[in-house]
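Today I opened my notebook to look up a few ring and side-chain contacts. Come along and follow the entries with me.

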Amino acid sequence: MAQTQLYLIRHGQTDWNLRAALQGRTDIPLNETGRRQAQEARQRLEGVRFDAVYSSPLSRAMETAALVSGWPMEKIRADQRLIEIAFGPYEGKDTHTLGPAFAPFFADPASYQPPEGGESLNSVLERTADFLAFAASQHEGQTLLVAGHGAALHAMLTAALANPLEKFWSVSLDNCRVAVLARDTAAPGGWRLTASDGDGADEYAKKYLG
């Protein structure tokens, strides 16, 4: 039987990405660079046949999913479990201006405490792990494209690989970069990372914390 595979792709660039502003649940669209990145990702994935395409319901992820897969928007399955972490009052703010209260999010994820109205990393881990279980049971032997966001996809990777929170950012996914998970019930988290074209965690900290 074919192996279940998940192609995880972060959405393309937005104007808020350019100024290092936290987007969270705010529905910011792709900019022209983001659309070009998605088209380039489609070329990199040429030859991969997707049996299903899932996306966060936010427009930047949905458009990325459509451009990368070539599927019409109505065939892409929006799934709330893939939505980005909520940052509450931090949304729209430059990460460099938030100081020590926010710094652990990238520098020490295990100690991050969300602001009032924000979502915890453990909450994101739970809902993305639930999506992983759903994909394994409902799409056995199939290949899926899963379009989402920086924190939500890193949470999924953390759950899939059974990593501790300290390694939350160990597989980096910049805009329109891809990580591939293959189902492996013998692995600690039930999945193996078989490919990744992102940078390391240190690059994330430099970009968002300075």
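I began with Arg81, whose charged end sits over the ring of Phe134, 4.7 Å from its centre. The rule asks for NZ of Lys or CZ of Arg within 6 Å of the ring centre and within 35 degrees of the ring normal.

A note on my source: this is a predicted model, where local features need pLDDT of at least 70 and side-chain atom pairs count only at pLDDT 80 or more, while totals for chains, interfaces and linings use all residues. Residues are numbered from 1 along each chain as its sequence is written, and side-chain values use heavy atoms, leaving out hydrogens and water.

Next I looked up ring pairs (Phe, Tyr or Trp, the last by its six-membered ring, with centres within 6.5 Å; planes under 30 degrees apart are stacked, over 60 edge-to-face, the rest tilted). I found 15 aromatic pairs by this rule. Tyr54 and Phe134 make an edge-to-face pair, 5.8 Å centre to centre with 85 degrees between the planes. This pair links distant parts of the chain, as Tyr54 is in strand 2 and Phe134 in helix 5, 80 residues apart. Helices (H or I, at least four residues) and strands (E, at least two) are DSSP runs, numbered from the N terminus.

Buried means under 20% relative accessible area, exposed over 50%, partly exposed in between (1.4 Å probe, protein chains only). Tyr54 is buried at 3%.

My last entry was Arg183: its charged end sits over the ring of Trp191, 5.3 Å from the centre.
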